[in-house]
Amino acid sequence: MADKIQELSEEIKQFTAANQEELEAYRIKFISRKSVLGDLFSEMKNVAPENRKAYGQAVNEVKQLAEEKFRALIEELENGSESSASKAPIDLSLPPVVNLGTVHPLTIIHNRIVEIFQKIGFNVADGPEIEDDFHNFTALNFPENHPAREMQDTFFIESNPDIALRTHTSSIQIRVMENQKPPFRTLAPGRVFRNEAISARAHCFFHQVEGFFVDKNVGLVDLKQTLYYFAKELFGQDTQVRFRPSYFPFTEPSAEMDISCNICKGKGCNVCKYTGWVEILGSGMIDPNVLENCGIDSEEYTGFAFGMGIERIAMLKFQVNDLRLYSENDVRFLNQFKNIS
Ligand SMILES: [Zn+2]
C-alpha cells in the first residue's frame, strides 16, 4: 500500500498540463470525487487498526500534494506558459501565501463610536432600512407638505409613496421610543439613503449613528457634557468643542457641534477651510412633539439626541477626501487600514 501511495505522489509531481484538457484529466484522476485518492480513502477499512493512523496521514499528505499541484497547474496555464515542462519545477514545500483581509475603515469608526458610548451606559438598537412615512418623517415632527421634508432627497417606492428608504437613523429612535418605556440611553447606527448624485462629497447611501438620552430632568448641560466626552475620547483629550445654533424638525433647540480641526490643530488647513473648526454632528433637545408622538409624557420626560455621519468622522480621522473610496472595494485603499482597529 505504501508503494502505491509513493507511486501516486511521484506521478503527481511529474504531471504536466499543456492545455485545459490535460488539466481536466488531472482533475478527474486526482481531485474529483471519483479520484484514485478517493479509492485510497475507501481502502482504509482494510488496513490493520494499528496502521490506520499512519495510513490516513500518508493519504492526506498525497491529497494535499495533489491539490497544491492542481493550483500550480492552473496558475501555470493562466500565465500562458507554452510548455510547463520547460520551466523550473515549482517548489511545493513552500507554505501557501495567505492574504488576510482588513477591517473596513467605516467599521473601525463604527466600532470605536459604539465602544465610547457603551462606556457611559448606552445600549445599541437596530431598525429597518425600508421605512414608512410615520417613522421616517411624521413622528419626527416633519409636518406634511412642510419644506423640511425637502431637506432630504428621498428614495420612495413608486407604487407606494408611504414607503421609502430611510433617510436617517432617527427612525430607529422612534421605533425604540414607541415600543419601550423610558429611560433611554440608546445608540442607533445604520445605513441611510438619499437620492443624490454620486460625487466625491455625496453618495446615495452612507452611514449614520444616532444617539438619544431620555429620562426625567435631562437638560442641555447633559447633552453638552456627553458630546464633550465623546469628542475628546474619539479625537484626543486636547480637542476643543463649540456649538452653533441650528435647525432640525425633531429637536428644539438644535445645535451643530464643531471640533477644533484635528489635522492642523486649529491653525487652519484646507480640510477646515482655514477656520480651524470642523463640523462633526447635529444635536439638540428632543422636541416635545416627538416624545408625545411616541406616547411619552413630555411633561415628565425630556431628552437629547444627536446624529453624525460615520463617513465624515472617518474622513477626518483618516483624511480620506473622496466618499466613493469607501464603497469601491479597492484593496489598495483598504490595505492602508491594516494595522488600525
Ligand atoms: Zn484644519
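The paragraphs below lead through the sheet, the helices packed on it, the nonpolar cores and the zinc site of this structure. The model is predicted, so local features need pLDDT of at least 70 and side-chain atom pairs count only at pLDDT 80 or more, while totals for chains, interfaces and linings use all residues. Residues are numbered from 1 along each chain as its sequence is written, and side-chain values use heavy atoms, with hydrogens and water left out.

We can begin with the sheet, which is open and has seven strands in the order β1-β5-β6-β10-β9-β8-β7, with mixed pairing. Strands (E, at least two residues) and helices (H or I, at least four residues) are DSSP runs numbered from the N terminus, and two strands pair if DSSP finds at least two bridges between them. Because β1 (123-124) and β7 (241-248) each have a single partner strand, they stand at the edges, and one side of each is left without a neighbour in the sheet.

Leaving aside neighbours within four places in sequence, asparagine 123 is in contact (heavy atoms within 4.5 Å) with Arg185, Thr186 and Leu187.

Helix α5 lies across β1, β5 (184-193), β6 and β10, running at about 165 degrees to β5, where axes are lines fitted to C-alpha atoms, for helices over the stretch in contact, and angles run from 0 to 180 degrees between N-to-C directions. Helix α7 (residues 170-179) touches β5, β6, β9 and β10, and its direction makes about 35 degrees with that of β6. Glutamine 173 lies in α7 and counts as buried because its relative accessibility is 2%; not counting residues up to four places away in sequence, glutamine 173 touches Glu210, Phe212, Ile286, Val290 and Ala305.

The largest nonpolar core has 42 residues, and those with the most contacts inside it are Phe230, Ile280, Phe306 and Met308. A nonpolar core is a set of buried Ala, Val, Leu, Ile, Met, Phe, Trp, Tyr and Cys residues joined through side-chain atoms within 4.5 Å. Helix α5 gives the most to this core, with seven residues. Apart from it lies another core, of 22 residues, among them Ile174, Phe250, Leu291 and Cys294.

Finally, the zinc ion is coordinated by the SG atoms of Cys261, Cys264, Cys269 and Cys272, at 2.2 to 2.3 Å. Donors are N, O and S atoms within 2.8 Å of the metal (3.2 Å for Na, K and Ca), and since water is not among the atoms, sites may look incomplete. The arrangement is tetrahedral because the four donor atoms subtend angles of 104 to 116 degrees, and four donors count as tetrahedral if all angles lie between 85 and 135 degrees. In sequence, the donor residues are spaced C-x2-C-x4-C-x2-C, and both cysteine 261 and cysteine 264 are buried.

Note on methods
Four donors count as tetrahedral if all angles lie between 85 and 135 degrees; four count as square planar and six as octahedral if opposite donors are over 155 degrees apart and all others between 65 and 115; anything else is irregular. Buried means under 20% relative accessible area, exposed over 50%, partly exposed in between (1.4 Å probe, protein chains only).
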